[in-house]
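This report goes through selected features of one model.

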Amino acid sequence: MSDTVNSQDISGKNAGSPVNRTVITIAGRIISLFVHELNNHLAVIGEHSGLADDLIAARRLSDADKLKEIGQTIGMIERRVALASSLLKRLDSIAGRMDKCTTLLDADDAISELMPFLEKAGKRKNIWIKHSAGRRVPELSGDKLVFQCLIFALVEELCRGLGPQTVVTITCDSKSGSVIVGLRHDLPAPDQDDSAKWSEDTLRELAQMLAAEISKTEGGVELKFVAHGC
Amino acid sequence: MSKARVMIVDDELDFARTLASRLQIRGYEAHVVESFDKTIEIAQELKPEVVLLDLRLPGISGVEILMTIRQFCPGTEVILLTGHLNLEQTIEGVRLDSFHFIMKPFDIAELVQKIDALRRTNV
């Protein structure tokens, strides 16, 4: 099944296939995190704008004090607008090619684009997600959205079994015609609960769509892709 | 009646501190706590009448937080501050009989009205 499915099918006749439903579900989770984060920025902007109004109306402050505090408030609003705008650009970049089929992709670039959402997913469990981009690795031939969904699902699944304050580092490396994406955690995993968010079968099916292999390593998970042209 | 003592539990400090300032301007005694670890200890010390609680604190579910506050601070009213509620949280919140909530972003007048109404109920 996975050999014949690509992301072009998401909007087409195979939209209801199990693998495509998984991709849509994961994309939905990414969008949900985005909405939550954007809403946080809007709440901060709303409160600071309200505070500026309160300060203008306040009688206890001198004009100089009001100007100083209002200036700080406007500075915060500007910072939050910039953060929200940056987040929007990332989501737009992901969403803008949901209907594209196989392309050449740079694993580090695709992971960088996903990082705000991975960080947010980790933060819910007090886990820190880091991306360590090293030397440039060869490109992969595959669907970037499926690649990002696979990384997202793997990180969520890995975090499920980890304790607070763990750092998960994502790295990309190349070896003998392969690109290796590693997810490694610095603290040992405590007892796992049994409620897997993404089943092993689901993860393997996503990996198969990218002709990749998943293997568990000591302290993490590894994905092995065939580099383009090898 | 004097203004209420309010505790804001939210890891988004820019939001929580600004909200506290706005409540203070309106005469409320407002305190900010950024993590759940410190919530119970500080709540027992400050004895807030109302806790404004972010439902999504890192490392703990909103339902666990609610249950703990109910257990250790039984007289304290809780208003949930949330960006969105899912069905599970809604059902659990109703079950815990703790379900006063306000969606972020909100109007301060609406929040103040809720705080005062809860306080009047308790007097």
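In which loop of chain B is the place of P105(B)? The model is predicted, and in it P105(B) sits in the loop that runs between strand 5 (100-103) and helix 5 (108-122) of chain B. The peptide bond leading from K104(B) into P105(B) is cis, and its omega is near -15°. Most residues other than glycine have a negative phi, and most peptide bonds are trans.

| Site | Backbone value | Loop |
|---|---|---|
| K104(B) to P105(B) | cis, omega near -15° | between strand 5 (100-103) and helix 5 (108-122) of chain B |
| A211(A) | phi about 55° | between helix 5 (200-209) and strand 6 (213-217) of chain A |

The next topic is the contact between the chains. Chain A contributes 20 residues and chain B contributes 20 residues. Together the two chains bury about 1800 Å², with 53% of this area on carbon and sulfur atoms. Between chain A and chain B there are six salt bridges. A salt bridge also joins E47(A) to R22(B), where the closest N and O atoms are 3.2 Å apart. Polar contacts between chain A and chain B come to nine residue pairs, with both residues at pLDDT 80 or more.

On the chain A side, helix 1 (18-57) and helix 2 (63-95) each provide at least two of the residues that touch chain B. The largest share, 13 residues, comes from helix 1 of chain A. By class, the residues on this side are five nonpolar, eight polar and seven charged.

Within chain A, helix 3 (residues 107-123) and helix 4 (residues 144-160) have axes that come within 10 Å and cross at roughly 35°. This crossing is right-handed. Among the residues making the contact are I111(A), L114(A), F117(A) and L118(A) from helix 3 of chain A, and F147(A), I151(A), F152(A) and V155(A) from helix 4 of chain A. E113(A) of helix 3 and K144(A) and E156(A) of helix 4 also take part. The contact of these two helices has 12 nonpolar, two polar and three charged residues.

Over all chains, the whole structure has 16 salt bridges. One salt bridge pairs K120(A) with E37(A), the closest N and O atoms being 2.8 Å apart. K120(A) belongs to helix 3 of chain A and E37(A) to helix 1 of chain A, so this pair ties together parts that are 83 residues apart in sequence.

Methods:
Residues are numbered from 1 along each chain as its sequence is written. Chains are lettered from A and ligands numbered from 1 in the order in which they are written. This is a predicted model: local features need pLDDT of at least 70, side-chain atom pairs count only at pLDDT 80 or more; totals for chains, interfaces and linings use all residues. Side-chain values use heavy atoms; hydrogens and water are left out. Contact means heavy atoms within 4.5 Å. Buried area is the accessible area (1.4 Å probe) that two parts lose on being put together, summed over both. A salt bridge is a side-chain nitrogen of Lys or Arg within 4 Å of a carboxyl oxygen of Asp or Glu. A polar contact is a pair of N or O atoms within 3.5 Å; within protein, one must be able to donate a hydrogen and the other to accept it, and residues adjacent in sequence count only if both atoms are side-chain atoms. Helices (H or I, at least four residues) and strands (E, at least two) are DSSP runs, numbered from the N terminus. Ala, Val, Leu, Ile, Met, Phe, Trp, Tyr, Cys and Pro count as nonpolar, Asp, Glu, Lys and Arg as charged, and the others, Gly among them, as polar. Axes are lines fitted to C-alpha atoms, for helices over the stretch in contact, and angles run from 0 to 180 degrees between N-to-C directions. A crossing is left-handed if the near helix is turned anticlockwise from the far one by less than a right angle, and right-handed if clockwise.
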